[in-house]
Amino acid sequence: MSQPAADAQNDATRDHLLAVYAPPEQHFVRGEGPYLFTDSDERYLDFFAGIAVSCLGHAHPELVATLQAQAGKLWHTSNALRVPQGEVLAARLAQLSGLSRTFFTNSGSESVECGLKLMRRYQHECGQPQRQRIIGFHGAFHGRSHAAVCAAGNAAHMAGFTASDERCDHAPFNDLDAVAALISDETAGIIVEPVQGEGGITPAGQKFLQGLRALCDEHGLLLMLDEVQCGISRTGTLFAFEQYGVQPDVIALAKGLGAGFPMGACVASEAAAAAMVVGTHGSTYGGNPLAMAVASKVIDLVAAPDFLVQVRTNAAYLNDGLNRLCDAFPDLFKGVRGLGFMTGLVLADEFENAAFVAAVREEKLLVTKAGGNVVRLLPPLNVTQAHIDEALGKLKEAAQKFGPTG
Ligand code: PMP
């Protein structure tokens, strides 16, 4: 098909999608490691990884082989029957997280949804049925289901969908006093991202997260960490909470856990999970054999101590390079923030992150934006220093060409 004919067809087919996204024109048809290839075989370096999902890059040979092997055996039985791979993976997650019960889901939103239900149900079973309110944070993102949107309290995401931030209260991120002031005898628990992702790659302070744990203990609340974006080795430890000296009651996982196969998990302590008995929750697809096979292999690879050392080393290397870039372009960049390979480049106010993301794409590097005028870099965790040098070179090219917007 000639190019104009192909474009016309693409425009026509696009008209049938719900218009909730505005992607750029490139069509990616193939991936290999940290690279994506367009339909005309142009190569892009992917430091976006499908929003922190493709943690082992594209078409990772061991993951492909694992999925293919499982695909030839069994795809689906439902949770009405035992799924042995899920039982094994849940035991592995228990050993790694210290949280002994897992519910497998198909996405981050569903992992969050399960955790929110679990926190409310826990209080109900503890004889405190009035404890239904969840405390969340300004700038948070927990997904697009009704409950997840309410927990994050972002007015733009709620408009037209929900009359109020239903049974949720919100405090400024990293403000412990504000949280303490919100706690009432109707509070069930707290949900927080150890590193806010969509909000702007903002790490929680150590004292803040530890303070939340103390407040939960003092008031009989559950502490739920949303590690959908920051979990699964992205910050240099399998779970971000390991770096905070805080043990949560519940964690939500997804993204990197399936490395591109859609799946997630809500993992809870024995006590917190006790209220979730037969009939309280469920999913047709959650924990299906395909997802379990892939996620088990992902955990084998990304929880390995050598792999984690490499993530920390290479993330520090990227961080150094980005700091040098900031020094070279002090008018364009305000600084770098984040944790591990959750990296945010903060733009000066007179520049627009979306425009810079587009300029970087011109150099055939994929990154994305985040709140607070941040450009977000979320490379596959197995990138090498050569890939990082390549990305830094492309960022420099883009910075040189980029001018003030407006
Ligand atoms: N929580 C966090 C922290 C996220 O970053 C996201 C996705 N960006 C979600 C939840 C929702 O995940 P999903 O899109 O898979 O539902």
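Colleague: Which residues are around the ligand, if a residue counts as near when one of its heavy atoms lies within 4 Å of the molecule, and what are they by class?

Modeller: This is a predicted model, in which local features need pLDDT of at least 70 and side-chain atom pairs count only at pLDDT 80 or more, while totals for chains, interfaces and linings use all residues. Residues are numbered from 1 along each chain as its sequence is written, and side-chain values use heavy atoms, with hydrogens and water left out. The residues around the ligand are Ser107, Gly108, Ser109, Phe141, His142, Gly143, Glu193, Glu198, Asp226, Val228, Gln229 and Lys255. By class, with Ala, Val, Leu, Ile, Met, Phe, Trp, Tyr, Cys and Pro taken as nonpolar, Asp, Glu, Lys and Arg as charged, and the others, Gly among them, as polar, this shell has two nonpolar, six polar and four charged residues.

Colleague: How far is a polar side-chain atom of glutamate 198 from a nitrogen atom of the ligand?

Modeller: Polar contacts here are pairs of N or O atoms within 3.5 Å, and a polar backbone atom of glycine 108 is 2.8 Å from an oxygen atom of the ligand. For glutamate 198, the distance from a polar side-chain atom to a ligand nitrogen atom is 3.2 Å.

Colleague: How are α3 and α11 oriented to each other?

Modeller: Helix α3 (residues 61-71) and helix α11 (residues 289-302), both DSSP runs of H or I with at least four residues, pack with their axes 9 Å apart at an angle of about 155°. Because angles over 145 degrees count as roughly antiparallel, α3 and α11 are roughly antiparallel.

Note on methods:
A residue is near a molecule or strand if one of its heavy atoms lies within 4 Å of it. A polar contact is a pair of N or O atoms within 3.5 Å; within protein, one must be able to donate a hydrogen and the other to accept it, and residues adjacent in sequence count only if both atoms are side-chain atoms. Axes are lines fitted to C-alpha atoms, for helices over the stretch in contact, and angles run from 0 to 180 degrees between N-to-C directions. Helices (H or I, at least four residues) and strands (E, at least two) are DSSP runs, numbered from the N terminus. Angles under 35 degrees count as roughly parallel, over 145 as roughly antiparallel, 65 to 115 as roughly perpendicular and the rest as oblique.
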